[in-house]
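Thanks for coming. I will take a few minutes to walk through one model, and you can follow along on the screen.

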Amino acid sequence: MSRFRYFGGIDWSGAREPLSNLWTAVGEERDGKLCIVALCPQPFRADVGSYVADGWRRHTGAPEGEPILWGADFPFGLPAAALSTIEGLKERSWRGMASWVADRPPEEIRAGMESLHKTPRGTDTGGAMAPLDLRLYKQTLEGIRSLWELIDEADVSLLPVAPKADAPTVMIEVYPSGAVKDLGIKGSRVPSRPGEVRARPAALRPFFSFDHPSMEAAACTLEDARDACLACAVAWLCRDDLDQPFRLNRIPRILLELEGWIYRPPAALG
């Protein structure tokens, strides 16, 4: 039985903008189903860190120490080949890479890894974009920076790159766009016609409900809010499969612990 009652989702797509418009969703398992109990924008990346670590409790009434499993929509690591391009790297590990990334602007990092702009990670599945692709690199590098700051400031376990036993906050990497395909959710485009607006709630209800109609309205009309809810739902679906990358035994452990792993709904993996 899972030790988690609460689950979170982070849509990180706004990190590519100067003023981040990030979204977080928190869900609670009720009678074997997921209910979204908090859905809100986070204007700054620093806000997300404090919210993930502890701020979410104010929105849910969860007691101190209650564990939560977060799904975050950005790559937790870079391709392994990136480490060979970093001069003076003291430790060839995820921690060594993350500490190096945290000290440099995204543009400088990408410029120094020109040959890797289209290189996917060896652990990627489900059509994921290369972490240093022009459309994704800021989210990747700002995300890794935020993870490094988060584990320095709070009791957090990052799976599988920086696990920490019994940490109350656990985070996994998820891919909402891939989850839409895995779960067979229709209506992936932003609704524009009346019929599409009405169809969006029906497409989401098999996977989660909402504690208030205003949250459902936000998720059905704002793509980033919807993706935060989907990230939360994937975390919930993976609650009993946190050893997924090792259970599948498709990728060497050393590579998983360096590059990270996109968690997918177990039913999609067979």
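Let me begin with a question: in which helix is Arg145 found? The answer is helix α4. Before going on, please keep in mind that this is a predicted model.

Staying with that residue, is Arg145 buried or exposed? Its relative accessibility is 16%, and buried means under 20%, so Arg145 counts as buried. Leaving aside residues up to four places away in sequence, Arg145 touches Val101, Ala102, Asp103, Arg104, Pro105 and Pro106.

Now to the helix itself. Helix α4 covers residues 137–153 and packs with helix α1, residues 45–60, at an angle of about 45°. Their axes are 10 Å apart. On the α1 side, the contact is made by Arg45, Gly49, Val52 and Ala53. On the α4 side, Glu142, Ser146 and Leu150 take part. Sorted by class, this contact has three nonpolar, two polar and two charged residues.

Next, a second pair of helices. Helix α5, residues 176–183, and helix α8, residues 223–237, have axes that come within 9 Å and cross at roughly 65°. This crossing is left-handed. Which residues meet here? From α5 there are Pro176, Ala179, Val180 and Leu183. From α8 there are Arg226, Asp227, Leu230, Ala231, Val234 and Leu237. In the contact of α5 with α8, eight residues are nonpolar, none is polar and two are charged.

How many of the nine residues of strand β2 are buried? Seven are, and the strand, residues 22–30, is mostly covered. Strand β2 pairs with two strands that I want to show you. With strand β1, residues 6–11, the pairing is antiparallel over six bridges. As an example to find on the screen, Ile10 stands opposite Thr24 in β2. With strand β3, residues 33–42, β2 also runs antiparallel, and nine bridges join them. Here you can look for Glu29, whose bridge partner in β3 is Leu34.

Finally, the turn. Strands β2 and β3 form a hairpin, with two residues between them.

Notes
Residues are numbered from 1 along each chain as its sequence is written. This is a predicted model: local features need pLDDT of at least 70, side-chain atom pairs count only at pLDDT 80 or more; totals for chains, interfaces and linings use all residues. Side-chain values use heavy atoms; hydrogens and water are left out. Axes are lines fitted to C-alpha atoms, for helices over the stretch in contact, and angles run from 0 to 180 degrees between N-to-C directions. Helices (H or I, at least four residues) and strands (E, at least two) are DSSP runs, numbered from the N terminus. Contact means heavy atoms within 4.5 Å. Ala, Val, Leu, Ile, Met, Phe, Trp, Tyr, Cys and Pro count as nonpolar, Asp, Glu, Lys and Arg as charged, and the others, Gly among them, as polar. Buried means under 20% relative accessible area, exposed over 50%, partly exposed in between (1.4 Å probe, protein chains only). A crossing is left-handed if the near helix is turned anticlockwise from the far one by less than a right angle, and right-handed if clockwise. Two strands pair if DSSP finds at least two bridges between them.
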